[in-house]
Amino acid sequence: MDLGLKGKTVIVTGGARGIGRAIVLGFAHEGANVVIVDIDEAKATQVAGEAQALGVKAIAVKTDVTNLDDARRMAKTVVDKMGKIDVLVNNAATWIVNFFMDTKKEDWEKEIRVCFFGTVNCTRAVLEYMVPARSGSVVSIGSDAGRVGEPNQPIYSGAKAGVIAFTKAVAKDVARHKIRLNTVCPSMTRTDYVLTPQREAEAKGGEALEKFNQWMDKVTKLYPLRKIGEPEYVANMVIFLASEKTAGHV
């Protein structure tokens, strides 16, 4: 299916690794030009190279999404270098896994700044260009935690719930400008969050590996398909929602 994304300009925050990287490369496979926005400039530049190898334009823009002025600078840089902004994917996130009473105020603030205000800042920055153009799509990565609340992730759950509600509200604000907003809510996905402890357990072997495998078995049984999500699964949904196929165009 041709999703009509060839030549579009797509910004992906947190695009240097994990789900973000999969989203970047997925759009590149569709012929879209991509902007990797990340605080880690070296990793973002590496992913930009991977996208360029697929035959599209790709740039890395180091950005602190928690800062509105920096988000606005990023959006202007994209317009200056790429000519337009067609799609924004709010993917940048951070989280702490711990019992709430063992977390600190600094932890809460970081999660809220990156997950929620990062989404707010980047959305506002790109809408300043999308509204006059009367065109655009914003897809934000929420989380199953934001829908049901995950134990040991209370602030992350609250921040992602905020992303979900924010998306619904802004979608109503800007629909008259032919701009669409959607949220994708993954559950556990096989990123470094899973792969790093798996590699560590494999390196130790013995009891450590057995405990990891038992934990993964318990987690996997929570899902009807008895499998953990892959970054590409999330990327495919994001790409479809960003396309004109969801706007009634065939």
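This is a predicted model: local features need pLDDT of at least 70, side-chain atom pairs count only at pLDDT 80 or more; totals for chains, interfaces and linings use all residues.
Colleague: Which residues of α1 and α9 meet, and how many nonpolar residues does the contact of α1 with α9 have?
Modeller: From α1 the contact takes Gly18, Ile19, Ala22, Ile23, Gly26 and Phe27, and these meet Pro231, Glu232, Val234, Ala235, Val238, Ile239 and Ala242 in α9. Sorted by class, the contact of α1 with α9 has one charged and two polar residues, and the nonpolar residues number ten.

Colleague: Are α4 and α6 roughly parallel or oblique to each other?
Modeller: The axes of α4 and α6 are 8 Å apart, with an angle of about 15 degrees between them, and their crossing is right-handed. Angles under 35 degrees count as roughly parallel, and α4 and α6 are therefore roughly parallel.

Colleague: Which residues make the contact of α4 and α6, and how many of them are nonpolar?
Modeller: On the α4 side the contact is made by Trp108, Glu111, Ile112, Cys115, Phe116, Thr119, Val120, Thr123 and Leu127, while α6 brings Ile155, Tyr156, Ala159, Lys160, Gly162, Val163, Phe166, Val170 and Val174. By class, this contact of α4 with α6 has two charged and three polar residues, and its nonpolar residues number 13.

Colleague: How is α3 placed against α4, oblique or roughly parallel?
Modeller: Helix α3, residues 68-82, packs on helix α4, residues 105-133, with the axes 8 Å apart and an angle of about 40 degrees. Since angles under 35 degrees count as roughly parallel and 65 to 115 as roughly perpendicular, that angle makes α3, relative to α4, oblique.

Colleague: How many charged residues does the contact of α3 with α4 have?
Modeller: The crossing of α3 and α4 is right-handed, and the contact involves Leu68, Ala71, Arg72, Met74, Ala75, Lys76 and Val79 of α3 together with Asn121, Cys122, Arg124, Ala125, Glu128 and Tyr129 of α4. Of these, eight are nonpolar and one is polar, and the charged residues number four.

Colleague: Which residues that line the largest pocket are the closest to its centre?
Modeller: The largest pocket holds about 1400 Å³ of space. Elements giving two or more residues to its lining include α1, β2, α4 and α6. By class, the lining has 20 nonpolar, 14 polar and ten charged residues. Of the 44 residues that line this pocket, the closest to its centre are Ala93, Thr94, Trp95, Tyr156 and Tyr193.

Colleague: Which helix gives the largest share of the lining of the second largest pocket?
Modeller: About 290 Å³ of space lies in the second largest pocket, where Ser187, Met188, Ile228, Gly229 and Tyr233 are the closest to the centre among the 15 residues of the lining. That lining has ten nonpolar, three polar and two charged residues by class. Its largest share, three residues, comes from helix α9.

Terms used:
Residues are numbered from 1 along each chain as its sequence is written. Side-chain values use heavy atoms; hydrogens and water are left out. Axes are lines fitted to C-alpha atoms, for helices over the stretch in contact, and angles run from 0 to 180 degrees between N-to-C directions. Helices (H or I, at least four residues) and strands (E, at least two) are DSSP runs, numbered from the N terminus. Angles under 35 degrees count as roughly parallel, over 145 as roughly antiparallel, 65 to 115 as roughly perpendicular and the rest as oblique. A crossing is left-handed if the near helix is turned anticlockwise from the far one by less than a right angle, and right-handed if clockwise. Contact means heavy atoms within 4.5 Å. Ala, Val, Leu, Ile, Met, Phe, Trp, Tyr, Cys and Pro count as nonpolar, Asp, Glu, Lys and Arg as charged, and the others, Gly among them, as polar. On a 1 Å grid over the protein atoms alone, a cavity is a set of points where a 1.4 Å probe fits but cannot get out, and a pocket is an open set with protein on both sides within 12 Å along at least five of seven lines; lining residues have an atom within 4 Å of a point. Grid points are joined across faces, edges and corners, and a volume is the space filled by probe spheres set on the points.
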